[in-house]
Amino acid sequence: MSAGPRIIVALDFAEVERVYALVSRLDPKRCRLKVGKELFTHAGPAMVSELCARGFDIFLDLKFHDIPNTVARACQAAAGLGVWMVNVHASGGRKMLEAARAALLDVQRPPLLVAVTVLTSLDAQDIKEIGWQGSVEENVLRLAELAAHSGLNGVVCSPREVAILRASLGADFQLVTPGIRPAGTGMNDQSRTLTPRQALDAGANYLVIGRPITAADDPLAALTAIEVEISAGSAG
Ligand code: C5P
């Protein structure tokens, strides 16, 4: 069971001013934050440290994929910023995953280490072209198992993969799920979405939610509405 907020707000902005305008209206007790490649490339590690200093748990979503030594050192650097979660590509292979895991063993407060399996932008034709055998789902499961056996804490997965991964990988494996749309909100460019309650019921630990909160006129009200929706459907 995961402690603390389950909602991770995706800070998909290019401008630091917009980040701080939003974040000053959010509460670390009620949400965590995700910093991805766009914002990190614009604003860098100083902004990540500042968000940590403001009390937020940060998911540094840089999807490391490189030789084992490089990824291990990048994960250590992320830990040094004080982030709560960091991710790598499972397709970097067992040696890379184990090196990342080992690099965090000596860290005082190690971040959760999670893997991306198959990017959800890839379809059956794309993975065939890359040279991967089997269906997208088979590849997702195989790579998630590789991540688990390499000692990672969990994976990022699409809502439609949550139930099967939860069934195969057990209760302690962390499932982080984007593609979430609260009931009654627009889909934007997401296709196969679940509502927050559906994703949690299927077995997700954390929900990555961007535009339904960040593009709302009142982001805090949007967050509150999602919390209400989650607890209204909760069994306990
Ligand atoms: O605005 P929205 O809620 O669609 O944002 C979702 C976030 O999750 C974005 O940061 C996006 O890059 C990320 N993401 C995703 N789908 C994936 C993996 C990551 O939407 N399969």
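This is a predicted model: local features need pLDDT of at least 70, side-chain atom pairs count only at pLDDT 80 or more; totals for chains, interfaces and linings use all residues.

Visitor: What radius of gyration would a compact globule with 236 residues have, and what does the protein chain have?
Guide: A compact globule with 236 residues would come out near 18 Å, and the protein chain has 17 Å, which agrees. The radius is taken over C-alpha atoms, and the globule rule is 2.2 Å times the number of residues to the power 0.38.

Visitor: How much of the protein chain is buried?
Guide: Of its 236 residues, 46% count as buried. Buried means under 20% relative accessible area, exposed means over 50%, and partly exposed is in between, using a 1.4 Å probe and protein chains only.

Visitor: What share of the contacts joins residues at least 24 apart?
Guide: That's 66%, among contacts between residues at least 6 apart in sequence. A contact here means heavy atoms within 4.5 Å.

Visitor: Let's zoom in. Which residues of helix H4 are buried?
Guide: H4 covers residues 94–103, and Met-96, Leu-97, Ala-100 and Ala-103 are buried there. Seen down the axis of H4, those buried residues fall within an arc of 130 degrees, so they line one face of the helix. The arc is that of the directions from the helix axis to the C-beta atoms.

Visitor: Why would residues a few places apart point the same way?
Guide: An α-helix has 3.6 residues a turn, so residues three or four places apart point the same way.

Visitor: What covers the buried residues of H4?
Guide: The cover includes strands E3 (58–64), E4 (85–89) and E5 (112–116), plus helices H3 (68–81) and H6 (136–149).

Visitor: What about Ala-102, where is that found?
Guide: Ala-102 is in helix H4 too, but it is partly exposed, with a relative accessible area of 40%. Its C-alpha is 15 Å from that of Leu-146, 44 residues apart in sequence.

Visitor: Back to strand E3. What is the phi of Lys-63 near?
Guide: Near 45 degrees, a positive value in a residue other than glycine. Lys-63 is found in strand E3 and counts as partly exposed at 23% relative accessibility.

Visitor: Switching topic: is Val-156 buried or exposed?
Guide: Val-156 is buried, with a relative accessible area of 18%. You'll find Val-156 in strand E6, residues 154–156.

Visitor: Which residues does Val-156 touch?
Guide: Leaving out residues up to four places away in sequence, Val-156 touches Phe-59, Asn-87, Val-114, Ala-115, Thr-117, Val-176 and Pro-178.

Visitor: And where does Gly-82 lie?
Guide: Gly-82 lies in the loop between H3 and E4, and counts as partly exposed at 38% relative accessibility.

Visitor: Last one: is Ala-232 buried or exposed?
Guide: At 66% relative accessibility, Ala-232 counts as exposed. Ala-232 lies in helix H10, residues 219–232, and its C-alpha is separated by 43 Å from that of Arg-73, 159 residues apart along the chain.

Conventions. Residues are numbered from 1 along each chain as its sequence is written. Side-chain values use heavy atoms; hydrogens and water are left out. Helices (H or I, at least four residues) and strands (E, at least two) are DSSP runs, numbered from the N terminus.
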